[in-house]
Protein chains: 4
Amino acid sequence: MRGKIILEEAWNLSRLAADEAKLYASIHGAALLGKALADIDGRIAAMDEAGVEMQVLSLTAPGCQGVSDPVEAHNMAVESNNYIAEKVKANPSRFAAFAAVSMHDPKQAAKELSRAVIELGCVGVMINDFQSSGPDGNTTLFYDNPAYDAFWAAVEELDVPVYLHPRLPSKLVFDELYRDRKWLQASAWGFANQLSIHILGIATSGVFDRFPGVQLVFGHMGEHIPFDLWRLDHKLDRDRFPEMRMAKNKTIRDYFGSNMHITTSGHFSTRSLQGAIAELSSSRIMFSIDYPYEDGLMEGSTWFDALPLSQPDLLAIGRENALRLLKLDRAPHNMKPGLTLKELEIGGLGG
Amino acid sequence: MRGKIILEEAWNLSRLAADEAKLYASIHGAALLGKALADIDGRIAAMDEAGVEMQVLSLTAPGCQGVSDPVEAHNMAVESNNYIAEKVKANPSRFAAFAAVSMHDPKQAAKELSRAVIELGCVGVMINDFQSSGPDGNTTLFYDNPAYDAFWAAVEELDVPVYLHPRLPSKLVFDELYRDRKWLQASAWGFANQLSIHILGIATSGVFDRFPGVQLVFGHMGEHIPFDLWRLDHKLDRDRFPEMRMAKNKTIRDYFGSNMHITTSGHFSTRSLQGAIAELSSSRIMFSIDYPYEDGLMEGSTWFDALPLSQPDLLAIGRENALRLLKLDRAPHNMKPGLTLKELEIGGLGG
Amino acid sequence: MRGKIILEEAWNLSRLAADEAKLYASIHGAALLGKALADIDGRIAAMDEAGVEMQVLSLTAPGCQGVSDPVEAHNMAVESNNYIAEKVKANPSRFAAFAAVSMHDPKQAAKELSRAVIELGCVGVMINDFQSSGPDGNTTLFYDNPAYDAFWAAVEELDVPVYLHPRLPSKLVFDELYRDRKWLQASAWGFANQLSIHILGIATSGVFDRFPGVQLVFGHMGEHIPFDLWRLDHKLDRDRFPEMRMAKNKTIRDYFGSNMHITTSGHFSTRSLQGAIAELSSSRIMFSIDYPYEDGLMEGSTWFDALPLSQPDLLAIGRENALRLLKLDRAPHNMKPGLTLKELEIGGLGG
Amino acid sequence: MRGKIILEEAWNLSRLAADEAKLYASIHGAALLGKALADIDGRIAAMDEAGVEMQVLSLTAPGCQGVSDPVEAHNMAVESNNYIAEKVKANPSRFAAFAAVSMHDPKQAAKELSRAVIELGCVGVMINDFQSSGPDGNTTLFYDNPAYDAFWAAVEELDVPVYLHPRLPSKLVFDELYRDRKWLQASAWGFANQLSIHILGIATSGVFDRFPGVQLVFGHMGEHIPFDLWRLDHKLDRDRFPEMRMAKNKTIRDYFGSNMHITTSGHFSTRSLQGAIAELSSSRIMFSIDYPYEDGLMEGSTWFDALPLSQPDLLAIGRENALRLLKLDRAPHNMKPGLTLKELEIGGLGG
């Protein structure tokens, strides 16, 4: 398929490459990762080869969320938003960007997001799970706290999606759960384990009820949530949990019809995708790669292009859903909606 | 369908009913729960109505795992094993039992399991996630620690399955992750979130490689694991994690073909079950209810009997897999293997 | 779910009730069928009960296609179109109609269809497989013959769908294939066996290439076609069949993305529907009952409402696809597009 | 996957190559087909490459069923059975054979099948739809006629499966249904359309009730039947069809649990196979290619090996089901049952 859009694709400021290398040294080992994160212009050849028309860029995790000093975190957001906006401006038909924001102060986050969207043209925001905070960096801020309503209000008004991305667990959780099995703390398991609590915290705290326009995106085939929707809703018994603020007549499943979307980043499983379609419908799923934590664009693209899905589902998941949610048909991106299956080279016998 | 077997079904010693009521007071609210747990003989009428031939009983969570004093924990195991063995003896064609064990001391656990299986006729053992330990009860013991090889060796020799059941998170994890969204800590999300780490710790520490006969069962449609098998195996990169002891040429998926089984307890979702069958095949899945935390046997049984599955899959999941794994065809249970679809009243147009 | 639309629902002229009774005497046996076919006004209570907002009516099979005399066939079309238009006019928020046409003469068919759509407000046309013709009634006319291009041109210009409905096989085919197993000739097997050849004849003769606006609908979960799309396209090898007029760069699967739709009429199978969604996507499937050949609206509606499908798929299949294809949002039907899941009572835990 | 078994694989007597070429001239065009059919020894290199351990050979369609002279048909059966038995004897670890029989006379068919199984070692019989008969060859014999009970009794006693293979429609059906769309008469559509009537005729005539040991196999993902099981059983209403001899308390679905099996020959569709597993379970499905009508073994094998199925399902469909049904563990074939997934090279991340 030509014309694909991918939206969990990381970049990094060159000056941070060393930090990233240090952070992931023990668990990634890939010497080239820092380099790949910093190189943006060089991505186009691989996009052409893989049939990817548009790559939505985001500052790599943990980004501002890993900076426990509020001033430093905000400065990182401003610097990286300015930088990536220039990169997008140079090639708006191939790149778009999610803003980065410090989440220490909900109002400051709202303001920087507003600047990034209105002045810089960002198409949404990428937030990496909880905000590290406190003098020792071990305080963790979650956005289901009522104080963050100021942020969610701005998100709704700006009408851009929030992509929630995982990060490593806090020191305390690591010590308790992962120290003796630390290979489980990151992308293999802990990432989704942690982030799913945050996502469900946001949903059950009533954010979507108070701000029905908020659109949340999360990757890795839904961070463990789609397969367990039934049990989740079955067990969130309102009589048992009168203090849960989520609307009494809503289920988490309902929010998947109105406020939540998933991507396939780093999870190229045919069966899981088929399962996610069955749970959520193809209208709430978007293709993504997770570059460069996935090694290049070809494995994911080859998998996607050969999926045993119907042509309308390939079109929706590979392109149209993201185009519509991120409004990529607008200037300066000007992507064309409504291209035919033939124009996108979807076809053949199917799988 | 007649002749069903269910295997995550809780009971409790009458003297503990008050504790249970206290523990779950805030989140269950069901005044009748303690009574239902203590009543065993009274279950048969409901089993008959629901087409359940055999109910495998287990001491309710957290059971011995919640008792941080080693002596007290062991005494609870002995008392409850003796008690439930008498109940089974009185009606072996309708009841079987999983043993309870204190997991403070792997060798003591092995010995009590041996007694429960050989002398009392238990068909396996139910363990409720980590063992609480330490003077303040806040130390948590996990069974992927090499010290527990003594326990796993006994399990293999006795040739009975270990059912791993969830429990509430430790105080520390609760404070960090669930305090502000405590409706997520238990069956809705936290149970599986926690237990999945323990299960995957056991698998990745090489228990199944050192003790290939060990059979692990876990409920709730696989505690979040089946849907994410691909990403899990994809990310457990051996070059990155040389210290991970699991066999280098194995995947977690492989162990689902040789050492792991799931049940449907408390997760009556057609889509999730279809997804689990696609991932694991019907040969690794067993029907279960989770009584009395599910309200009666009828909701789960009605769901199961009307599932849009093939007749051989209904037979395997509803009866044959459990019958074979738990050896329920042996005395004193004497269940009949190989009953026909007609004898079990499986049939009709299908779904 | 409230607000459902159903579109393979038969009616009959009272004067033909006797004929119908005679035709189906041997194979239906239902004395009440003729009465049910003739009663239109009495259907509304059952629609209310079953959550059906709109019923699209069509003259029962074989209708005009069973009349081998051209004049008589045309007269039947005119009479029945006039009659049903009056019925619809009396209650346009609950009924719409497919026209009936004699297919002896493509131009006459085009003209009557035009009158039925423009003057009478029909939303499409129902045709019952081949047209019986010839002095003994044993000549069979198929619409993949180039002579019918005049008809297809009118269909495209009028921009209304053609619903192809099965009928009993010709005498000759009956004698050869069904005489000794005549229970297979009708709805159990022969209906779809026959009609599928006609549908595939139309597609492979290039009708959709010459008239790309033509929209074909067929019921009974696709008359055997969706499950065998792969083999069909795999075997329609263009080198072997140079005389096949269908576009060389097209597959039958492609036409399911642009020109063909199926309904669930008389085929309430969860698995088959899930399979059809996997092949075609939910965007090409519409709920229908096949009243009164299915006994009432409740079996099909109850099945549909409890399906383990995502909410967006239920909405599309139960209502939106038909509303859009048949333009039921226009006067006099004035159905509301875009109703929410809550307004339509789609929700709950899902299946 | 290594160790696969394939069982709809054609061969031909060299002296018949010219006839075959003539028969398929207009629709196949492959000059090399006759040569490929006649070459048996040369197949092993391709089997090795494709991971196929065993190929079950059958005389190509229509074989004896296309010979309307009873003596000539029987002679062809004897000659071809003798010939292929020698070929198998030379390499029994790689080849097995289905017998060919003339079906003019049920008793003669039974006798020749008995000789082929007992004296020649055939593992079953391949029959190509109806038997052409009569002076002009246009009479068609179907085996649901009570006269064939003598044949079915022998099949049951010999305890070998009957593989029903399609052939071109009779002249009369061709003239009526396919003359103007003759690309639909063969493997693309007509083959399954015709054969499905014969299969369902056998089932509904009660053959499986009178001879419960009969095992019927048919290819091409079930000749249109699995996807439409629900409607088929729903419409075979016993009140309407008192003359249908099939047991009143049985459904066609039931026979898929006891007497019918399908293969994947010539139908390498992931979605259709997933649908068939959902309907029938993996226990009733066997991998096959349809060589040489499929061009080599690699397309089908590559597809199969990469399927997004669970490992137990791959093992069952690729090897174990056929091994058991055809008793290929017996001499002289001596295939090993119970090989592990590792030995068969099933594994990796799965799809």
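Reply: Helices (H or I, at least four residues) and strands (E, at least two) are DSSP runs, numbered from the N terminus. This is a predicted model, in which local features need pLDDT of at least 70 and side-chain atom pairs count only at pLDDT 80 or more, while totals for chains, interfaces and linings use all residues. Residues are numbered from 1 along each chain as its sequence is written, chains are lettered from A and ligands numbered from 1 in the order in which they are written, and side-chain values use heavy atoms, with hydrogens and water left out.

The loops come first. In chain B, the loop between strand 2 (52-59) and helix 4 (70-90) holds Pro62(B). In chain D, Pro292(D) is located in the loop that runs between strand 10 (285-286) and helix 13 (298-305). A cis peptide bond is found there too, from Tyr291(D) to Pro292(D), with omega near -5 degrees. The loop to note in chain C is the one between helix 12 and strand 10 (285-286), where Ser281(C) sits. Ser281(C) is not a glycine, yet its phi is positive, near 75 degrees.

Next, the sheets, where two strands pair if DSSP finds at least two bridges between them. In chain B, 5 strands make up an open sheet with parallel pairing, in the order 4-7-8-9-10. Its edges are taken by strand 4 (125-128) and strand 10 (285-286) of chain B; each has a single partner strand, so one side of each lacks a neighbour in the sheet. The partner pair at one end of that order can be followed in detail: strand 4 of chain B and strand 7 of chain B (residues 162-165) are joined in the parallel sense by 4 bridges. Within strand 7 of chain B, His165(B) is the bridge partner of Asn128(B).

Chain D has an open sheet of 8 strands, again listed by its order, 1-2-3-4-7-8-9-10, and the pairing is parallel. At its edges are strand 1 (4-11) and strand 10 of chain D, each of which pairs on one side only. Inside that order, strand 4 of chain D (residues 124-128) pairs with strand 7 of chain D (residues 162-165) over 4 bridges, in the parallel sense. In this pair Asn128(D) has His165(D) of strand 7 of chain D opposite to it.

Last, the helix pair. Two packed helices are described by the angle and the distance between their axes. Here axes are lines fitted to C-alpha atoms, for helices over the stretch in contact, and angles run from 0 to 180 degrees between N-to-C directions. In chain D, the axis of helix 4 (residues 70-90) comes within 11 Å of that of helix 5 (residues 106-119), and the two cross at roughly 10 degrees. Helix 4 of chain D is therefore roughly parallel to helix 5 of chain D (angles under 35 degrees count as roughly parallel, over 145 as roughly antiparallel, 65 to 115 as roughly perpendicular and the rest as oblique). On the side of helix 4 of chain D, the contact (heavy atoms within 4.5 Å) is made by His74(D), Ala77(D), Val78(D), Asn81(D) and Asn82(D). Helix 5 of chain D contributes Gln108(D), Glu112(D), Arg115(D) and Ala116(D).
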